[in-house]
Amino acid sequence: MPGAHPAFVLDVGGSVTDAELASLLDDVFVKPGHTSPPVAERLFAPDRVRTRGTLITAREPEAGVLLGMVILVAPGAAARQISRDDEAEFHLLAVHPDARGRGIGRALVGAGLQLARTRGWSRLVLSTQPQMAGAQALYAEAGFERAPDRDWGKYLAFTLQLEAA
C-alpha cells in the first residue's frame with residue numbers, strides 16, 4: 001500500500017537503516033522515558049525489530065527522512081505479545097516528535113489495517129502504555145476498543161475486528 005501524502009510518503013516493507021531505526025525509537029520511546037535504555041537496547045535492536053513483522057514507514061518525500069513507522073505482526077508469529085493464533089498485532093507505532101500533528105500516525109495505522117485486511121486477517125490487537133494518550137485516541141478513532149482483560153504488565157490492550165478488504 002505505498003501511498004503519497006502531501007508531507008510524507010508511506011512504504012510497506014521498504015528498507016530502513018539501523019541508524020534510522022535506532023534514532024526514531026530512541027526519540028519516541030527512550031528520551032521521553034517510556035522505555036529504559038537497557039530495555040530499549042534489547043528490544044529495539046534493529047535486527048530484532050525487522051524480524052517482528054512487516055515494517056510500514058513514513059518518510060519526507062524530498063529528503064527521505066524517516067518520520068514514523070509501525071510493524072504489522074502476522075498471526076502466530078514468534079514476536080507476538082498479546083495476540084492469539086488468529087490475530088495480527090501492531091508493534092512500535094512511532095512518529096518522530098517533530099513530525100506529529102501531520103496525520104502520519106493516522107496514515108500508518110490506516111496502511112496497517114488495509115494490509116491486514118488484504119492478507120485476510122480478521123482481528124488486530126495492540127498494547128500501549130497508559131501515558132500515551134495521543135496514541136490511544138488515534139486507536140479509538142480507528143475503531144480499536146479497550147480490552148482490559150488482556151492488559152499485561154504496565155500495558156493497556158486494544159482490539160479491532162476487521163472487515164474483509
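**An exposed loop, a nonpolar core and a helix pair**

Asp 98 counts as exposed because its relative accessibility is 67%, where exposed means over 50% relative accessible area, buried under 20% and partly exposed in between (1.4 Å probe, protein chains only). The model is predicted, so local features need pLDDT of at least 70 and side-chain atom pairs count only at pLDDT 80 or more, while totals for chains, interfaces and linings use all residues. Residues are numbered from 1 along each chain as its sequence is written, and side-chain values use heavy atoms, with hydrogens and water left out.

Asp 98 sits in the loop that lies between strand 5 (88-95) and helix 4; helices (H or I, at least four residues) and strands (E, at least two) are DSSP runs, numbered from the N terminus. In sequence, Asp 98 is 31 residues apart from Leu 67, yet their C-alpha atoms are 8.5 Å apart in space.

Strand 5 also holds Leu 92. With a relative accessibility of 14%, Leu 92 counts as buried. Leu 92 is not a glycine, but its phi is positive, at about 50°. Most residues other than glycine have a negative phi.

Attention now turns to the interior. In soluble globular proteins, nonpolar side chains tend to be buried together. Here, the largest nonpolar core has 50 residues, and Met 69, Phe 90, Leu 108 and Phe 144 have the most contacts inside it. Such a core is a set of buried Ala, Val, Leu, Ile, Met, Phe, Trp, Tyr and Cys residues joined through side-chain atoms within 4.5 Å. Helix 4 gives the largest share of this core, 8 residues. Leaving aside neighbours within four places in sequence, Met 69 is in contact (heavy atoms within 4.5 Å) with residues including Leu 21, Leu 24, Leu 25, Leu 92 and Leu 108.

In helix 1 (residues 18-30), the buried residues include Leu 21, Leu 24 and Leu 25. Among the elements that cover the buried residues of helix 1 are helix 2 (37-43), helix 3 (46-52) and strand 5.

What about the helix pair? The axes of helix 4 (residues 104-118) and helix 5 (residues 133-141), which are lines fitted to C-alpha atoms over the stretch in contact, come within 10 Å and cross at roughly 45°. Helix 4 is therefore oblique to helix 5; angles under 35 degrees count as roughly parallel, over 145 as roughly antiparallel, 65 to 115 as roughly perpendicular and the rest as oblique. Gly 105, Arg 106 and Val 109 of helix 4 make the contact with Leu 138, Tyr 139 and Glu 141 of helix 5.

Terms used: Axes are lines fitted to C-alpha atoms, for helices over the stretch in contact, and angles run from 0 to 180 degrees between N-to-C directions.
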